[in-house]
Amino acid sequence: MELSASNGSGDGEFDLESISLRSFSVEASSGDIAADAGGEQPLLEELTVGSSSGDVGLELSGEYSSPVALEVDLSGGDLTMDLSRGWEEDLEGEVGLSSGTASITLPREVGVYVEAETSSGEVDASGFRVDGEAYVNGAYGESDVTSNISVGSSSGDVDLRLGD
C-alpha cells in the first residue's frame, strides 16, 4: 500500500504497524506529527515527512527486509526518530532542519554512517567514532547492512544515540 497524507493545521498521529506499506508520505503546515511504522514491514521502500511548523516523532523500530529511502524536512520544530532495530537491508536517509533539534537513535548491530552538521548548535554523537567527516558505530564496515544518513540543521543541535 502507498499512503499519503496532508495536514493543514492540527496534530497528526499515524499508527502504521499493522499496515503493509510500500511507501508513506506526510506533509504538514502546522502541528505535530507522530508516525509509528514498526512491526513487520517487508515491502516498505520509502518514507517521506515534511513539516513547516511542529514537532515530528518517527518510530521505525520494526522489521524491514527491503532497502528503505528516508527523507525528513522540517522548517521549524524538533525531530525525535528511532531507527534502532530490524534492518535486514540498507537504509538511505536525508534529514534537514531549518530550526530545531534532531534526536536520532540508531542501531548497534548494523553499520551506521552519519554525516551530521549544524550551522548554529552542536553535534553530540556519544558512542560513535569519527571517520573522516562522518560518525560511525562499531559495526560499520563489519556488517552486511549499513544505514547511511545525512543530517543537517541550520539552527539547532543534532543528538545521535545508539539503541539497546
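A: Start with the strands: a strand is a DSSP run of at least two residues, numbered from the N terminus. The model here is predicted. In it, aspartate 15 belongs to strand β2, residues 12–15.

Q: Is aspartate 15 buried or exposed?

A: Exposed means over 50% relative accessible area, and buried means under 20%. Aspartate 15 has a relative accessible area of 57%, so it is exposed.

Q: Which residues gather with Asp15 in a patch of negative charge?

A: Asp11, Glu13, Glu17, Asp32, Asp55 and Asp78 gather with Asp15 in that patch on the surface.

Q: How many aromatic pairs are there?

A: Rings pair if their centres lie within 6.5 Å. By this rule there are 3 aromatic pairs. One of them is tyrosine 64 with tryptophan 87, which is stacked, at 4.4 Å centre to centre and 20 degrees between the planes. This pair links distant parts of the chain, 23 residues apart: tyrosine 64 is in the loop between β6 (56–59) and β7 (68–76), and tryptophan 87 in the loop between β8 (79–82) and β9 (91–99). Tyrosine 64 is buried at 0% relative accessible area, and tryptophan 87 is buried at 4%.

Q: Why does the pair of tyrosine 113 and tyrosine 140 count as tilted?

A: Planes under 30 degrees apart count as stacked, over 60 as edge-to-face and the rest as tilted. The planes of tyrosine 113 and tyrosine 140 are at 35 degrees, with ring centres 5.5 Å apart, so the pair is tilted. Tyrosine 113 lies in strand β11 (residues 111–120), and tyrosine 140 in the loop between β14 (134–136) and β15 (146–155), 27 residues apart. Tyrosine 113 is partly exposed, with 22% relative accessible area, and tyrosine 140 is partly exposed at 25%.

Conventions. Residues are numbered from 1 along each chain as its sequence is written. This is a predicted model: local features need pLDDT of at least 70, side-chain atom pairs count only at pLDDT 80 or more; totals for chains, interfaces and linings use all residues. Side-chain values use heavy atoms; hydrogens and water are left out. Patches are made of residues with over 30% relative accessible area and no salt bridge: like charges are joined within 9 Å, nonpolar side chains (Val, Leu, Ile, Met, Phe, Trp, Tyr) within 5 Å. Accessible areas come from the Shrake-Rupley method with a 1.4 Å probe; for residues, only the protein chains shown count as cover. A salt bridge is a side-chain nitrogen of Lys or Arg within 4 Å of a carboxyl oxygen of Asp or Glu. Lys and Arg count as positive and Asp and Glu as negative; His and the chain ends are not counted. The place of a charge is taken as NZ of Lys, CZ of Arg, CG of Asp or CD of Glu. Helices (H or I, at least four residues) and strands (E, at least two) are DSSP runs, numbered from the N terminus. Buried means under 20% relative accessible area, exposed over 50%, partly exposed in between (1.4 Å probe, protein chains only). Rings of Phe, Tyr and Trp (its six-membered ring) pair if their centres lie within 6.5 Å; planes under 30 degrees apart count as stacked, over 60 as edge-to-face and the rest as tilted.
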